[in-house]
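This report describes selected local features of one protein chain. The sequence and the coordinates are shown first.

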Amino acid sequence: ATLDQTVPVDPLITVGRLPNGLRYYIRENRQPQARAELRLVVNAGSVLEDDDQRGLAHFVEHMSFNGTLHFPKQDIGAFMQSLGMRFGAHVNANTSFDETVYHLQIPTSNPAVIDRSLLILEDWARRVTFDPVEIEKERGVILEEWRLGLGASERVQTAQFPILLKGSRYADRLPIGTPEIIQNANPSRLQQFYADWYRPDLMAVVAVGDFDKATIEALIRSHFGAIPEAPSPKPRPAYAVPSQAGTVYSVITDPEATTTRISVSSTMAARPQSSIGSYRQHMVERLFSAMLSERLDEIAQAPNAPFLRAQTGRGLFVRTEEVTSLNALVATGGVERALTTLFTEVDRVARFGFTATELSRQRLNLQRGLQRSVIEKDKSPSGPLADEFVRNFTQAEPIPGIVYEFGLNQRFLPEITLAEVNGVAKDWMPDRNRLVAIAAPEKDRPSLPTEDRLAAAINAATGAPLTAYVDT
């Protein structure tokens, strides 16, 4: 296949589209036995909220568990509990900037249970009742969630995301919303978000598990085929993140944080993922990040190391942006030394590149990991497979299956050169669209560096005398 061809879909997956536009993904899988993973995916999240709806995408998700036509009040939870399933582990949902995903894990030994579980997904898709009494009760639940911030890491993210996404719609559309709107929003605005964005052309149903594929496909068509198309659907826009010159800094403390962490992030416009050529480029960048992470890990193992652990990677951040990250866990008082070391190692790779033995070792690691996955392909759990299909719908991530992926790696790994991998370094962590973020316990605030000292720590790595890495 040529590099511009689209990566094919795994033949084990049935992918279909109903006349109303709703897509579905079905795959038989026997791990775990007598279980299935179901997902309702809505291609709509907080970035689509109007100014007076901030937080209402998440509010709609909450209301979906507080009454639908066939499951009034708390009946969804009661039904799932009657099957031995519980919230969190087997029943869940999450709202992000760009999508909302509902999760069910169900037993499959009883056909009536499968049918009723799909009825829950159908009700979420078009029959949430928005009982006024339940809306008022749920305001308090969401406000408490907002107040607690779900923990230190979430609170830190909430503070850092607007900096990294500055100038974009994402920056003021954090999924948790604002307490003023959650407290005071008219229920009609909640229902309007549901009416505007919960529609079949923006939805997918995913089913992976121990069942008969043809039976499940017939049930999906029966449950979801009759959902009417929106008479005048609102366009589903994509929102870019403006480019920012230079580096910005963020130092945040939280009373519940227990460790000090450095996170250096640099955004870039998201690239298409669907072609064989883009898969090959992903392989090149995966080799690069693995080799740089190995070097950082080697530093972390040394006596008096500047950080406890560190790694780097690249991936999709929001729908229109990818992010490259450098992350490190450091001891109290060690931020500046660790930051200098991180940038020194990035600079060392940019100047001297990796060695042939490092590339050979990572090729082997990647190949062995894929070989193991192919050998154990019939032992893959259904949950991660379902989540992969969700990403295909929301992000166009390829889903060729592990056998085809192994074939692509067999084809491309031998031909990817050291020079090609080394070429990634020049733009891995550029001085643009870059955020250097420090998150630490509140008690450590006096020892944390200022923005000027953080900038000086990075500058200390730039242009410093360096020698090439020796692979021992």
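Where is the place of Pro32? In this predicted model, Pro32 lies in the loop between strand 2 (23-28) and strand 3 (35-42). The peptide bond that leads from Gln31 to Pro32 is cis, and its omega is near -5°. For context, most peptide bonds are trans.

## Residues with positive phi

Most residues other than glycine have a negative phi. Lys73, although not a glycine, has a positive phi of about 50°. Lys73 is placed in the loop between helix 1 (56-63) and helix 2 (75-82), and with a relative accessibility of 46% it counts as partly exposed.

Ala396 is not a glycine either, yet has a positive phi of about 65°. The loop between helix 12 (382-395) and helix 13 (402-412) contains Ala396, which is partly exposed at 38% relative accessibility.

## The surroundings of Thr95

Thr95 belongs to strand 4 (residues 91-95). Its relative accessible area is 13%, so Thr95 is buried, the cut-off being under 20%. The side chains of Thr95 and Glu61 form a polar contact at 2.6 Å. Beyond neighbours within four places in sequence, Thr95 is in contact with Ala57, His58, Glu61, Thr100 and Pro175.

## Packing of helices 9 and 11

Helix 9 (residues 276-301) packs against helix 11 (residues 356-375) at an angle of about 110°, with the axes 10 Å apart. Helix 9 is therefore roughly perpendicular to helix 11. The crossing is right-handed.

Residues of helix 9 in this contact include Arg286, Leu287 and Glu294, while those of helix 11 include Glu358, Gln362 and Leu366. The contact residues comprise five nonpolar, one polar and five charged.

How values were computed: Residues numbered from 1 in each chain as written. Predicted model: local features only at pLDDT ≥ 70, side-chain atom pairs only at ≥ 80, totals over all residues. Heavy atoms only, no water. Helix = DSSP H or I, 4+ residues; strand = E, 2+ residues; numbered from the N terminus. Buried < 20%, exposed > 50% of the residue type's maximum accessible area, 1.4 Å probe, protein only. Polar contact = N/O pair within 3.5 Å; in protein donor to acceptor, adjacent residues only side chain to side chain. Contact = heavy atoms within 4.5 Å. Axes fitted to C-alpha atoms, helices over the stretch in contact; angles between N-to-C directions. Parallel < 35°, antiparallel > 145°, perpendicular 65-115°, else oblique. Left-handed = near helix turned anticlockwise from the far one by under 90°. Nonpolar A, V, L, I, M, F, W, Y, C, P; charged D, E, K, R; others polar.
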